[in-house]
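Please have a look at what is on the screen, and then we will go through a few of its features together.

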Amino acid sequence: MERECENLLSYMAGTLNEIDKERFEAHLKQCEACMKEYEELSDSWEALQFDFEEQEVPETLKAEVFDFVFGEEQKEEKTTIKDRLKVWGVSLKKQFTPLSASLVIILFAITSVLTYTNVQSANEQPTTPNQPAEIMDSLNLTSANGQMSNAGGYAYIVQEEKTKKLVVHVNGLPKLKGSQIYQVWLLKDGERLNAGIFNTNESGSGVLTYALSEKEVFDQIGITVEPDRDNTEPEGKKVVGS
Amino acid sequence: MKEKTDAELINLVNQKYRPALEEIYERYIKLIYSYVYKFSNGNEEAAKEIVQLTFLRLWTTKSSYDPSKGKFINWLLTIVRSVCIDHIRKEKKHALPNHHYDTDRTLDMADPEDQLEEMLQDTEISKAKNRLSATQRRLINLLYWQGYSLTEIAEMENAPVGTIKSRLHQSLKQLKKHLELEGS
């Protein structure tokens, strides 16, 4: 008697696990002794299954059984939708290795931080005080007209971040009436360039700012009194100059 | 459905045709329920659960009945018994922490078991079974109706597995002889 033959009774009784069961079934096909024994025992075994008394079946049983079977099935269908979502989630997960997933998360975090700080600094910019303007050059302006001997002032070239400005500050110039206006001229190699117009206030002082291009240079500044504001060449008399 | 054979019904059930499963129910519920009732030792609630699980297994099983391999009833009851075994094994796992408890339960059940046997005296199998010794009957019941493994029975009976095995072989062979005598 082989070792495998020992399992005959357990096989009949259904107490073997799947692996042992399959192994014994294979054995049974080729072991004559077991086959003979099996046939002999299975008659009584099958007779045993009728060793019970007839029972009255409860009337509610059918409904309970079918509710259970088809209720279970519906549950299974419901879970298949859930399962599908799960599968979808898992397959999405599979697209990312832990490394790439963490890289994506890190990059996302960095981007968020940078975006946030960028937005923050953009918000702060108007409130941050301007870089102190740096005076690159200053010119003393003096009266060029005997009638206005008190006239004088300063011209500054101011570097403010990337823009260069000419600031002209004069005083002692009477406030002009009507269309008359003070005009600032930049002299370079005998050429005159209109640098803007201004008027003075009641106390005789006035300010003009003029944006200079990066490479713009000039030799002298002159301020004239012009009859109106649209001149390209000075027509009036010079009152102040450098 | 009424004119279909059992094998045809199972084929239809395999194809998920619900009326076929209902027809199986109509034809065999008395057999199945009575069998399960005995297996669950007269516990109606457990019997109901097992019947439900049996029909769920019939509905979801991939295996079909092959008439050349024996009677439909044997095929059916093999499935029913396997559901019973699974069920009581699961219950045991949940409820019983050790084998001593198993032994106690078996002793407790000895009385109702005897009463039931008295009621079964009319049938051929019970007559044949009654000719066996009390020990032989007990061993057969432990193995067939209570689903214990040979190792478990050996522990309960305080005997080596080999001894239990040969006693059972012998008991079943003797039962067969008695059955043949009863039948003739």
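This is a predicted model: local features need pLDDT of at least 70, side-chain atom pairs count only at pLDDT 80 or more; totals for chains, interfaces and linings use all residues.

In what order do the eight strands of the open sheet in chain A follow one another? The strands of the open sheet run in the order β5-β4-β7-β8-β1-β2-β3-β6, all within chain A, and the pairing is antiparallel. At the edges of this sheet you find β5, residues 191-198, and β6, residues 206-212, each of which pairs on one side only. If we ignore direction, neighbouring strands of the sheet are turned against each other by 25° on average.

Let us look at one pair from that sheet in detail. Strand β7, which covers residues 220-226 of chain A, pairs with strand β8, residues 238-241 of chain A, in the antiparallel sense and over three bridges. Within this part of the sheet, I223(A) has V240(A) in β8(A) as its bridge partner.

Now please turn to chain B, where I would like to show you two asparagines. N41(B) sits in the loop between α2 (18-39) and α3 (44-60) of chain B, and its phi is near 60°, a positive value in a residue other than glycine. N158(B) belongs to the loop between α8 (150-157) and α9 (161-183) of chain B, and its phi, too, is positive, near 60°.

Are these residues buried or exposed? N41(B) has 16 other C-beta atoms within 10 Å, so it is partly exposed, while N158(B) counts as exposed because it has 7 C-beta neighbours inside 10 Å.

Key
Residues are numbered from 1 along each chain as its sequence is written. Chains are lettered from A and ligands numbered from 1 in the order in which they are written. Two strands pair if DSSP finds at least two bridges between them. Helices (H or I, at least four residues) and strands (E, at least two) are DSSP runs, numbered from the N terminus. Axes are lines fitted to C-alpha atoms, for helices over the stretch in contact, and angles run from 0 to 180 degrees between N-to-C directions. A residue is buried if 20 or more other C-beta atoms lie within 10 Å of its own, exposed if 12 or fewer, and partly exposed in between; C-beta atoms are placed from the backbone.
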